[in-house]
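Hi everyone, and thanks for making time today.

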Amino acid sequence: MSYGPSKALGDSQFKYWLIWPAVLVILLIGLFPLVYTLVVSFQNITLIDEDTSFHGLLNYRLLFADRRLWESLMHTVIFLVIALPAELILGMLMALLCLERLPGKQLFVALLVLPTVISPIVAGATWRLMFDNRFGPVNQIIGAVAGEPTTILWTVNPSFVYPAILIAEIWQWTPFMFLLLLAGLSNVDRSQMEAAEIDGASYWRIFFKIMLPAIRPVMVIALLIRALDLFRLFDVVWALTQGGPGTRTETISIYAYLQGFRQFETSYTAAVAFLVIVLLSVVVIAALKRVELAR
Amino acid sequence: MKRRTLHMLARYAMLVAVTVVFLFPVYWLFAISFKTPEEIFASPPLWAPGSIQFDNYRVLFKDGDAITVWNSFVVAGVSTVIAMVLGTLCAYSLARFRTGGDNLAIWIISQRMIPPVVIVFPVFLLYVWLGWVDTYHGLILLYTAFNLPYVVWMMRGYLEDIPIELEESALVDGCTRWEVVRKVVFPMARSGLFATAVFTFVFAWNDFIFALVLTKREVTTFPVQVTHYFGGQSNFWAKIAAMSVLGTVPIFIAVAMLQRYLVRGISLGAVKG
Amino acid sequence: MARVKISGLEKYYGSVHALRGIDLDIAEGEFVVFVGPSGCGKSTLLRSIAGLEEIDEGTIEIDNDVVNEMRPRDRNVAMVFQSYALYPYMNVYENIAFGLRARKVPAPEIDRRVREAAEMLGIAGLLDRQPRQLSGGQRQRVAIGRAVVRDARVFLFDEPLSNLDAQLREEMRSEIKRLHRDIRKTMIYVTHDQVEAMTLADRIVLLKEGQIEQIGAPLEMFERPATRFVASFLGSPAINFVAGRLVRGEAGLAVRFGDGTELALPEARSEKLGAWVDRDVVLGVRPEHMRRAEHGQLDVTFDLVQPTGTRIYGTFTLAGSEVVAELQAHDIEHTGERLSLAVDMKRIILVDPETDNVI
C-alpha cells in the first residue's frame, strides 16, 4: 500500500487553495505589465494616432540615440552615489550616538523616525516650503550665518537643485538607515565588545573590528533596499523640481513618466520601461537572495 | 563618575541637536498650516504662528479638497483589507507547507521591487480600455496587487515564528485545518497581522505615482492634491501645509502604535529588531 | 482504552529511510516507552500514530480500526508536546478546555471535566492564570491536563520532561506514573533519557536508525540485552566493553584479554558457550558489578576518580580499554591508587564482535 503526500492531513489540496488567489492578483502586476510592455515596445503606438504596426527593434535602436534618456539615467546614478553613502554614514553616526544606555532614548528614536514615514510627496512639499527663496527658513538661516541677506533660488538655480533634492532625500531616509543600524548594533554580542575593551582596544578599533563586521548583513540589506528605492526616485524630485530646470534633474522614472503621459510616446516608453526592468532585475535578484539568507 | 556624567550630557546635547535638525522641517510644515497669510508671507519669516487658528483647514473642507483625504482612506483601507486576507492565506501556505519552496516566495517579493512607473504604464492602458481610470476599484485593485507581495513576505516571516506544535496540538485535539487557522494561527499572529496591515495601509496612503496616473477628479488622493497647489512662481502655501498635515497626522499615529514592529516592517523582515 | 497495533510501517523523508519495518503491538492500558538516541525515529513513530506524519507503507490500527488515512482529530488520541504547546493567548482553563470545545462537548460537562483534571494535577488554583505566568513544572501539568481531560483512547507523550530541570523532572516522572496507575489508559511515551524509560515503562521499545532494536520489560532489557547497542544504551554510567578471546582454561571457560589477564566464567554460563571457544568475543561488564575485594580477579590502578557522594566512579585501563567501576564512596582515596577488584561474572554479557549481538 502506498499513500500520496499528506493525504490524511488534507494538505495536498488545502495548500494550493490558499495561494492561488494571491498569486493571480500578483500576476496582474508581475506578468501582465512585463508581457504587455514587451509586446508594445515592438510596436509603433502613440496615443495620438491609430497606428499600431510592428516596428521590430526600432524603439530599442532609438534608445541608444536618446541623449535625454541616458542623461536621466546618469542623474539617477548621481542621486544614488551621493545619497546612499551619506545616509549610511549619517545613520551610522546617529545609531552610535543612541547605542549606549540613555534614559529616554526610546522617545528620541520614535521622534527621529518620523521623516521616514511621511509620504515622499509631503516630504518634497515640506522642503519646497523650507527652500523658498523669500519666505523659507533655509535662506533665512544661511543669511543669519553669513551676515547678509540670502536669496538662493534652491529649486530653480541649476547649481543648487542637486543639493536641494539631496538634502530632502537624505533628510527623509537617514532615519531609515539609523533605525536599521541601531537595531543591528543593539544585537551585537556585548561580551565581545567588553572582551575587546578589557584587551585595551580603542573605541574606533572596536567599531571597525567588532561592530562593523557583526552588523554587515543588516547594513547590506539596508543599502540594497535604499538603492532600489533611489533607483526609482520620483516623488521628492517631482515635488521639488518636476525634473527641472529644463531636464537637469530628470530621473529615469520621471523621464519615463513624461514620455508616456505627456508626450504619449506609448511604444517608446514601453521600450524605456523594459530597459529599466532589465537593469533592475539583476540587482533585485541579488538583493532578495540576501534578504532571504538573512532571515 | 564625574567624567561619565559629562560624557552622557555631551551625548544628550548631540542627540537633542540632531533631533531638532530632523524635526524642524516637520515643525515648519505644521507651523505654516496654522499661520495666517500675513504670517506666512512675513519677511523675515516668523518662527511660530501668532496663534493656533484653523482657517487653512476650514478652507480645505469648504472647497471640498479635504475629500481627497477620505479618498486616500477608502482606497488604502479597502486595498489593505483585501491584501491582508489574500496575502496571509498565501503566506500560511508558504510558511507551513513550504509551497513552491523559496523560489515562489522570492518571485513574489521580487514583484514589489519593480519600479511603480514601469507597472503603472501598462496598467493605465489596460484601465483606459476597461474604463477603470479614476475609479475606486481600479486604484484599489492596483494597490492590492502592489502590496500583496509585501503582505505575503512579511506574514510568511511572522507565521514561521509560530511554533508548529501549537498547530499540531490543535489538530490532535480535534480541530480541522480551517479551525487551526482560525483558532490558533490568527490569534498567534495577531501582532504580526496588525503591524503588517498598518504598514500596508501606510504604503498605499503615501503613494503618489499610481494615484497621479490613474486618478483625475473623482478619486484623487491627498498626495496628488498637494501637488495641485504647486505653482511655478507662487505656491498655495497654506493649502500645501494644511493638506500635508492632514495626510501626515494619521501616519504619525499609526507609527506611534507600531514602535516595536517598525524595524522588522521596514527592513522586509530581514532585521527582527 | 485501546490497543495499538503497527505492522510493516515504513516512512521516508525524501531519500532518508526514517522508519524501517516497524511491527509493534501495544496492549490496552499498557505504558510503552519509545527510547533511543536522537534521530532514531522514535518521535516520528509517535507522530505517525497521532496522524501528524504520513506513513509510506504498513498499517496503524487503533482498536482494530486502520487509522492510516484518518485525520488526527478523528483518531481520538491525546498528545503532550515537548514544548507544552500551550496557547499563550488563553488562560489555563481555556487551554485545558480547548480540545473539548473543539469537539463540541456541552459547557457544563466541559466545566466539570476541566476542574476534575485540574484537581487531579494540583493546578486547580491556577485556572485563571496565563501560561506565561506559570513555572515550567506548572506548564507541564497544564499540558498534561489538556490531554487527560480529553478522555482519549491513547495518550501520547513526546519528550514531555526534557525542558525541565533535573529535580522537577523526577517529580513529574512520578506524577505521570501515578497518573497512569489512576486512569489505566494506553500511554506511549517518547524519551531519549534511559532513566525515564526504565522507571516509567511497562515495556520499552528501543529504536536505532529507524528500526526496533529490542522490545521488552525494563529489567529484562537491562539484564538480558539483545545487542551491544541495547546494553550500552541502558544504564548509567554505561556498561564497559573489553575485547578478548574465549578460551578453555584449567577451571573451565574464561575470557582472555590482550594483556594476558583472564576472567573465568561460572559453570552455569559455560555450558552454552562451547561453540565460541577460541573465538574473539567482547566482554561487557556494568560498573556496578565490580566491587573492592581482598583478592579479586583484577588488580588495577585508577587514573581518574569521580566521587558523587554516595558512590565513587573509578576509571582504569584493562587491555587498552577504559573501564569504569562504581564503588563505595570511600573505596578509593586518591588517583593512582592500586586496588583489587572482584567482577561479578554471573552478570557479565558476551558480545559477538562481528554482529554486535549478545551471545
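**Where chains A and B meet**

Let's begin with the contact between two of the chains: 78 residues of chain A are in contact with 80 residues of chain B. Please keep in mind throughout that this is a predicted model.

Which element gives the largest share of chain A's side? That is helix α1 of chain A, residues 11-30, which brings 13 residues to the side touching chain B. And what kinds of residues make up that side of chain A? By class, there are 60 nonpolar residues, ten polar ones and eight charged ones.

**Chain B**

Now let's look at chain B by itself. Its secondary structure consists of 14 helices and zero strands. If you read the elements from the N terminus on, you get α-α-α-α-α-α-α-α-α-α-α-α-α-α. Along the principal axes, the C-alpha trace of chain B spans about 75 × 75 × 30 Å.

How much of chain B counts as buried? The figure is 55% of its 273 residues. On contacts within the chain, take those with a separation of 6 or more: in chain B, 74% of them are between residues 24 or more positions apart.

Let me pick out one pair of helices here. Two packed helices are described by the angle between their axes and the distance between the axes. For helix α4 (residues 67-97) and helix α7 (residues 136-160) of chain B, the angle is about 35 degrees and the axes are 6 Å apart. Is the crossing left-handed or right-handed? α4(B) passes α7(B) in a right-handed crossing. The contact of α4(B) with α7(B) has 22 nonpolar residues, along with five polar and three charged ones.

**Chain C**

On to chain C, where we find nine helices and 21 strands. Its C-alpha atoms fill a box of roughly 80 × 45 × 35 Å along the principal axes. Of the 359 residues in chain C, 39% count as buried. Among the contacts in chain C between residues at least 6 apart in sequence, 66% join residues at least 24 apart.

Let's follow one strand, β11 of chain C, which covers residues 240-249. Which strands does β11(C) pair with? One partner is β12(C), residues 252-257, which runs antiparallel to β11(C) and is joined to it by six bridges. These two strands form a hairpin, with two residues between them. If you'd like a place to look, Arg248(C) has Leu253(C) in β12(C) as its bridge partner.

Another partner is β14(C), residues 280-285, again antiparallel and over six bridges. There, Gly244(C) is bridged to Val281(C) of β14(C).

**A sheet of three strands**

One last stop, still in chain C: an open sheet of three strands in the order β15-β20-β16, with antiparallel pairing. Why do β15 (290-292) and β16 (298-301) of chain C each have one side without a neighbour in the sheet? They stand at the edges, each with a single partner strand, so one side of each is left without a neighbour there. Ignoring direction, neighbouring strands of this sheet are turned by 45 degrees against each other on average.

Within the sheet, β16(C) and strand β20 of chain C, residues 338-343, pair in the antiparallel sense over four bridges. To find this pairing on the screen, look for Asp299(C), whose bridge partner in β20(C) is Ser340(C).

Methods:
Residues numbered from 1 in each chain as written. Chains lettered and ligands numbered in written order. Predicted model: local features only at pLDDT ≥ 70, side-chain atom pairs only at ≥ 80, totals over all residues. Contact = placed C-beta atoms within 7 Å. Nonpolar A, V, L, I, M, F, W, Y, C, P; charged D, E, K, R; others polar. Pairing = 2+ DSSP bridges. Axes fitted to C-alpha atoms, helices over the stretch in contact; angles between N-to-C directions. Left-handed = near helix turned anticlockwise from the far one by under 90°. Buried ≥ 20, exposed ≤ 12 C-beta atoms within 10 Å, placed from the backbone.
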